[in-house]
Structure formats: structure tokens, C-alpha cells
Amino acid sequence: MPTAVVFESIDESLAEIAIDSLERFWQGVWEASPWEPSAVLSRPDETTPIGSSVQIVAKLGAPPAEILKATRAAIRDNAALRNRASSGMDEDIGCLLESTADYLSKLVGTSMGAHVILVTSKANAKFPISQKIYSALAPPWQCFHVFCLAPSPPPGASAAAARRDSWRRLVTATNGNHCRLAADVDASDRNRTIDQLLAAHFPPYKAALHCGHLAGEIALSPNPRLNPLLPHLR
């Protein structure tokens, strides 16, 4: 399954944490599936064509070195842009997610499926999750994950507030994961969170190929068990 990482609203103080976490994530993806097509997208800046809701930093299928370079650049650019923006500025994340899903569907269709990973410093989404967004990210074609760099909620935070968290509701609806990678989380815990996501959604597929009395190990990429059109392999 193709993987698109989308960057939005990252605190400048958290840029290095985001870079470390995403580098670990990409390395894990490529170790499991060396030929998995990947892309890096971001919210629009002054260089993005007028009318576009997403900036393509690295096109789907870009080589790993380009993906890593684009990841670092997108994180730092987003952090600098957020630092310059007014504190009341609220980007249209809904349009960003819709455009990302549209970009993936145009390139790979809906038969393969894709992972959409949003990286943000916002504790939760303050925009209404429309049916259009749910449809764009709906399983089995899309699996939506959030890498949240916001600090932990204060002790005693109400359960009602947690239920209103649009990130978690959208992740639950699309069979994804909510990964907290905040500065107040120990580095080993952040790494463990990334590793758990990789194990759950990006497992390698290894098998044995037999031909008469001969046999040999093989690895398939993308993992056929994750293809929604092959339920008999699950």
C-alpha cells in the first residue's frame, strides 16, 4: 500500500523530534517493504499554485533519499511558517486531507489502498469532520493515522473532551492509529510508539516458495495480506 505523510502546523521547538520520529518510521517502512511507493505532502505555501489545497514535496514513488530529504525540509518549513503566522490562524486541514486522498486515488486508484499519515502539533482537530472527509479516508481504501506532537492532556482532563477529539474519532473510523510523539514523552516511548505502528500496519510478508524438492524464502512487497481485495490471505 502506498504511504503519504502530510505535514501541517508543527511547532518550531518540536521540529527535531518530528524529524527523528519520521526518519525512524520511514526506515521501518522500507525495511518491511523496500518497494513501497511513498510521498511527502504539506499544506500550501507561497510557491504552491493558486487554487491548490496541498503542496507535493516529494511525488509518490520518489526514491528513499529524496523522501528523507523532503521530510526534513517539510518539517522545518512548516515549523517556520507556523512561527510566523498569527496565533489565531487556523489552517483548513479538512481541505488538506481531502486533497491528499484525491492525489492518491488519482495515481493508484482505489483497489490498492493507501496509508495517510498526518503530522501535526495540534492537540485535536477543531474543524468539523464532514462526510466528504470520511468518504475520502474511508476503509478499506485508506487507513488514516495521526502523529500528534502536542503535549499530554493535563491530569483530570474530562472524558467528554477526549470524546470530542476529532483526531481520535477520525482515526477510529478509518482503522488507523493515534500516535502521541510529544516532547513530554520519553524518546524510548516515542520509538516504541513508532515500532508498534509499523508492526500493526507495515509488517513484512515472508513466505517459502516450493518447487519439487527445492524451497527458498521469499519476501513480497506490498504485503498481500494488507490488500483489501485478497481477504482469503488474512
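Four aromatic pairs are found in this structure, which is a predicted model. One of them joins phenylalanine 25 and tryptophan 26, whose ring centres lie 5.3 Å apart with the planes at 55°, so the pair counts as tilted. Both of these residues, phenylalanine 25 and tryptophan 26, are buried. Phenylalanine 25 also pairs with phenylalanine 147, and here the arrangement is edge-to-face, with 5.7 Å from centre to centre and 85° between the planes. Because phenylalanine 25 belongs to helix H1 (residues 15-32) and phenylalanine 147 to strand S5 (residues 142-148), this pair ties together parts of the chain that are 122 residues apart in sequence. Phenylalanine 147 is buried, as is phenylalanine 25. A single aromatic cluster is formed by Phe25, Trp26, Trp30, Phe147 and Phe202.

In soluble globular proteins, nonpolar side chains tend to be buried together. The largest nonpolar core here has 32 residues, and the members that touch the most others are Phe7, Phe25, Trp26 and Phe147. Strand S1 (3-8), H1, helix H2 (64-84), strand S4 (114-120) and helix H7 (187-201) are the elements that give two or more residues to this core, and H1 gives the most, with nine residues. The surroundings of phenylalanine 147 can be read from its contacts: setting aside residues up to four places away in sequence, it touches Leu22, Phe25, Ile117, Leu118, Val119, Thr120, Cys179, Leu181, Ile194 and Leu197. There is also a second, separate core of 21 residues, which includes Val6, Leu41, Leu118 and Ala150.

Helix H1 deserves a look along its whole length. With 18 residues at 1.5 Å a residue, H1 should span 26 Å, and because its end C-alpha atoms are 26 Å apart, the model agrees with that expectation. The buried residues of H1 are Ala15, Ile17, Ala18, Ile19, Ser21, Leu22, Phe25, Trp26, Gly28, Val29, Trp30 and Ala32. Serine 38 itself is placed in strand S2 (residues 38-42), and it counts as buried because its relative accessibility is 1%.

H1 is also joined to H2 through charged side chains. Five salt bridges are counted in the structure, and in one of them the side chains of glutamate 16 and arginine 76 meet at 3.5 Å, N to O. Since glutamate 16 lies in helix H1 and arginine 76 in helix H2, the pair ties together parts that are 60 residues apart in sequence. Glutamate 16 counts as partly exposed at 45% relative accessibility, and arginine 76 counts as partly exposed at 42%. Glutamate 23 forms another salt bridge, with arginine 72, in which the closest N and O atoms are 2.5 Å apart. This pair likewise links distant parts of the chain, with glutamate 23 in helix H1 and arginine 72 in helix H2, 49 residues apart. At 21% relative accessibility glutamate 23 counts as partly exposed, as does arginine 72 at 31%.

Aspartate 102 is partly exposed, with a relative accessible area of 36%, whereas lysine 106 counts as exposed at 66% relative accessibility. The 16 residues of helix H3 (residues 93-108) should span 22 Å at 1.5 Å a residue, and the end C-alpha atoms are 23 Å apart, which agrees. The buried residues of H3 are Ile93, Gly94, Leu96, Leu97, Glu98, Ser99, Thr100, Ala101, Tyr103 and Leu104.

The buried residues of H7 are Arg190, Thr193, Ile194, Leu197, Leu198 and His201. Because they cover an arc of only 135° around the axis, they lie on the same side of H7. The face turned away from this buried side carries the exposed residues Gln196 and Ala199.

Notes. Residues numbered from 1 in each chain as written. Predicted model: local features only at pLDDT ≥ 70, side-chain atom pairs only at ≥ 80, totals over all residues. Heavy atoms only, no water. Helix = DSSP H or I, 4+ residues; strand = E, 2+ residues; numbered from the N terminus. Buried < 20%, exposed > 50% of the residue type's maximum accessible area, 1.4 Å probe, protein only. Phe/Tyr/Trp six-rings, centres within 6.5 Å; stacked < 30°, edge-to-face > 60°. Expected span 1.5 Å × (residues − 1). Core = buried A, V, L, I, M, F, W, Y, C linked by side-chain atoms within 4.5 Å. Contact = heavy atoms within 4.5 Å. Arc of directions from axis to C-beta. Salt bridge = Lys/Arg side-chain N within 4 Å of Asp/Glu carboxyl O.
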